[in-house]
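I opened my notebook to look up a few places in this structure, one at a time. Here is what I wrote down as I went.

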Amino acid sequence: MSLLEQVARVFAPEGPLARVLPYFRSRCGQMEMASAVAHAIDEPTRLVVEAGTGIGKTFAYLVPALLSGRRVVVSTATKALQDQLHGRDLPLLQQALALPLRVALLKGRSSYLCRHRLDLARRGEIAHPADLERDLARIGQWAQATQTGDLAQMPDLDEHSPALPLVTSTRDNCLGADCPRFHDCHVYQARREALAADVLVISHHLFFADLDLRESGMARLVPGAGVVIFDEAHQLAETAAQFQGTQFGSRQLLDLAQDLHGAGLRWAPGLADWQGLRDGLRQAARTLCLLTADAGEGEGEGGLVRRSWLGPAPDGVDAPSWAEVLHVTVCALRAALTALDGLAALGPDLQQLHQRSVDLLQLLAHFAEPVEAGSVRWLEQTPTGHLRMVDSPLVVAAALRTLWPGRPVQQGAWEDDDDGNEAQVADALSWVFTSATLGDDATLGWFTQACGLEDARILRVPSPFDYARQAALYVPPQLPAPTDPDHSEQVAQWVGEAVSRLGGRTLVLTTSLRALKVIAAVLRQRFAPGSGVEVLVQGQAPRRQIMERFRQHSGAGDCAAGRVLVGSASFWEGFDVPGDALQLLVIDRLRFPSPGDPLMRARSERLALQGRSAFRELALPAAAVALKQGAGRLIRHEGDRGVLVVADTRLASRGYGKRLLRALPPMRRLLTQQEFEASLDALTRISTTDCPWT
Ligand code: SF4
C-alpha cells in the first residue's frame, strides 16, 4: 500500500483515528494537507503549508511522517507546542496507529536542571541572595526524584524564578565531559535519548544551535532524519538570524564574574584575588549598562530597546566614553585571563573559565571593528536592564537555502552559499514548513523569500470555520487615529464600555508596553475588585497562570465570572481560548514593524537601493501576518462566536487597509456602534451552541 493510501485509510470516517478519538471527524482540509505531506515525503521535496485555524494540521503532518518509517524531527517555536506534541498528540497517534516508535522531546538546556550548578549553589560556591535558599532547597528535594530534570515539571516553580539561572547551565558554563555530574546529567541524558529516537521533538532554537555546533561536545541531531517538519514556521527566519549573528551581553560578563569567584575560591584559594577580579568584571558590566541607559530613547517592542549602531559607538552614546568603557571591560577580562593562566589543571571549572574569558575577549574585539558588509549592528537593552551588542545578517535566505536543498546530500557536508560563506548542510530528504500564518499572498512570499524557499511547493488550506456566521469585525470610526497621544486612553474607555456590556470575556492585545500600561490602568480603575469583572494584566503573574485564569470562565451570561485580559506581544500567538471565555477580541492598533528599528531600517535601505518598496514588501506583509496571528485568537472551534475589534481607523480609511482586510478571515463587517452593541447583546443572551447572527 502506498503512503498516500495508508494516510487516506487513517483519516477515513471509519479509520483508526475515528476508532480512538470519539470527537474525530474526517475533514477535507486536513486530508488535503496530509496528502501533500505524503507526496513531499515520497518525492522527496520541500513543502510549505499555510494551514488555517481548525484544519487539524498537527495530525495532517504527523500521520504521514510517522507512517513513512523514516526518522522524523519536528521543530516548533514554543515550548507549549513541544509539550503538546510530546505529551498529547504523539502518544495518541502511536496508540491509534499501533506504531511502536521511540519518541523523544528535547528542549533547550535552560529547561533542564544542571546538577553540577545546583551542587555549587547549595555549597555557596555560586553567590546568591539568602532569600533564594528556600527555592534552592525545594529544587534540591525535587532533584532527588526527577527522572528527566525538566524544570517545567516541578510543581509551583515560577518560570521567572531568580533561582533558575543558578541551577541551569548555559553553553558557556557547562563543563561537558569534564563535569563531575556528567554521568547523571539531565541535559546529556536528554540528548542521548534524542539521538536514539525515531521521532524527535525539538525547538527552532535547538535546530539552529545543533547545525551551528554551538552546543560543544554534543552530536548533531538532524542528520539521519528523513523528514523534518517545522511547525510555527513563521518564526524560522528570525530564529535563524539570531544564530547567524554575533552577540555579546552584560549578562555573560556578570555570569563569568560570579563563576570565576566561586570556582577560584574552590579550586585555587589564595592564588589570585578572586574577589577583586569578580568586582572588576561586575563594575565593567555595570558601567556599560549605565552608559547606555543614559543615552535616551531607542526603538523597541515588548520592553526591549534597540539602538542603531552605525559609527564607532551606538546612537546617543558618547563615542570617547564608549571606547573608555570597552577598554575597562577588556582590562577586566585580561586580568581574569592572567589569573587563570596556568591554573587549568587544578579543576575543570578553571579550564572552562579560561576559555570563556578568551571567547568574550574575542567577541569584544569583534565589536570594536566596523560592522561587516551585509550585516547590521545594534545595541539592545532588555527590560531587566541588561545590555546586548548584536551583529545580525541582513538576509538569511541564501544561507537557509543551502540547508534544505530538496535533494539527498552527503551527511555533514559543507557548502558555500551565494555569498561565498560557509553554510552547513543538513541531509534530511523531505522538509515541511507549516503555520496558520505565513503571508498574505498566494506565493506566501513573506515567508518563502525570507527562508530561501521560493521554489518550494506551496499549499494554502483555508480554515473550515464559517467565519461569516461565527465572527464579526468592527473598526470603531469614532476612535482617534493611533498617532493621537490620547489613543490608548480612549481605546481603554471604549473597551471598558464594551466589557461592561458583555460581562468580561474580552482579550485586549496591545502593540506596545506603553499602551498596555495605559489600558490596564484605566480598566483596573473602572473594574475594581467586587465589580463583577476581573482585570488580568500581562506581567502581574506568570504567563501560564494568567492564561489559565482567563480560560476559567464559568459560562455564558455569568457576569460574576467575567474577565478581561490585557496582554502584549507574548499573547498575540500560541494562546488558545476556546469557548465562552473569549468573545470580544480588541487589537489596539495595526502592528507595523517600527521603521526606526535598526534591522528594519537596514533592510528598508537595502530594498530602496534596489528600487523596491520597503513598505509594500516588508512592513505591509509583516503587519498582515501579525494581524492574522492576533485575530486567530478569537475563533478556535466550530462552536465559538465572537467579535474582533481593530481600534485603528487606518484599517478602514487607508488604501493599504484593503490588503490587510483581505488577510483576515471573511468575517461579517459591523459598520456602526449600534450594530456592534447589538452583536455584544446577542452574545450575552445566547450560549455558544446557538448562533446570534443567523
Ligand atoms: S554536564 Fe553541564 S549541564 Fe550537565 S551537570 Fe555538568 S555542567 Fe551541568
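This is a predicted model: local features need pLDDT of at least 70, side-chain atom pairs count only at pLDDT 80 or more; totals for chains, interfaces and linings use all residues.

I began with R505, which counts as buried because its relative accessibility is 1%, and buried means under 20%. I then looked up where R505 sits, and found it in the loop between α19 (487-502) and β15 (506-509). Its phi is near 55°, a positive value in a residue other than glycine. I noted for myself that most residues other than glycine have a negative phi.

**Another positive phi**

I placed E232 in the loop between β5 and α11. Is E232 buried or exposed? I found it buried, since its relative accessible area is 13% and the cut-off for buried is under 20%.

**H234 and its partners**

In the loop between β5 (227-230) and α11 (236-244) I also looked up H234. H234 has a relative accessible area of 13%, so I wrote it down as buried. Which side chains make polar contacts with that of H234? One is the side chain of E573, joined to H234 by a polar contact of 2.6 Å. Another is the side chain of Q629, at 3.2 Å. Not counting residues up to four places away in sequence, I listed S435, T437, L438, W446, F447, E573 and Q629 as touching H234.

**A cis peptide bond**

Next I turned to the bond from E43 to P44, and I found it to be cis, with omega near -15°. P44 is in the loop between α3 (28-42) and β1 (46-51). I reminded myself that most peptide bonds are trans.

**Around the ligand**

Where is the ligand? The space it takes is the largest cavity. I wrote out the residues that surround the ligand: R109, C114, R115, H116, S169, C174, L175, G176, C179, C185, V187 and Y188. I sorted this shell into 7 nonpolar, 3 polar and 2 charged residues. I also looked up which helices take part, and α6 (115-122) and α9 (186-196) each supply at least two residues of the shell.

**A covered helix**

How many residues of α10 are buried? In this helix, residues 204-211, I counted 7 of 8 as buried, so I noted α10 as mostly covered. The buried ones are H204, L206, F207, F208, A209, D210 and L211.

My last stop was L661, which I found in helix α25. L661 counts as partly exposed because its relative accessibility is 23%. Leaving aside neighbours within four places in sequence, I saw L661 in contact with L473, L651 and R669. I also checked R356, 305 residues from L661 along the chain, and their C-alpha atoms are separated by 51 Å.

M667 lies in the loop between α25 (657-663) and β20 (668-670). I wrote M667 down as buried because its relative accessible area is 12%. Finally, I looked up M667 and A614, 53 residues apart along the chain, and their C-alpha atoms are separated by 29 Å.

How values were computed
Residues are numbered from 1 along each chain as its sequence is written. Side-chain values use heavy atoms; hydrogens and water are left out. A residue is near a molecule or strand if one of its heavy atoms lies within 4 Å of it. On a 1 Å grid over the protein atoms alone, a cavity is a set of points where a 1.4 Å probe fits but cannot get out, and a pocket is an open set with protein on both sides within 12 Å along at least five of seven lines; lining residues have an atom within 4 Å of a point. A molecule sits in a cavity or pocket if more than half of its atoms lie within 2 Å of its grid points. Helices (H or I, at least four residues) and strands (E, at least two) are DSSP runs, numbered from the N terminus. Ala, Val, Leu, Ile, Met, Phe, Trp, Tyr, Cys and Pro count as nonpolar, Asp, Glu, Lys and Arg as charged, and the others, Gly among them, as polar. Buried means under 20% relative accessible area, exposed over 50%, partly exposed in between (1.4 Å probe, protein chains only). A polar contact is a pair of N or O atoms within 3.5 Å; within protein, one must be able to donate a hydrogen and the other to accept it, and residues adjacent in sequence count only if both atoms are side-chain atoms. Contact means heavy atoms within 4.5 Å.
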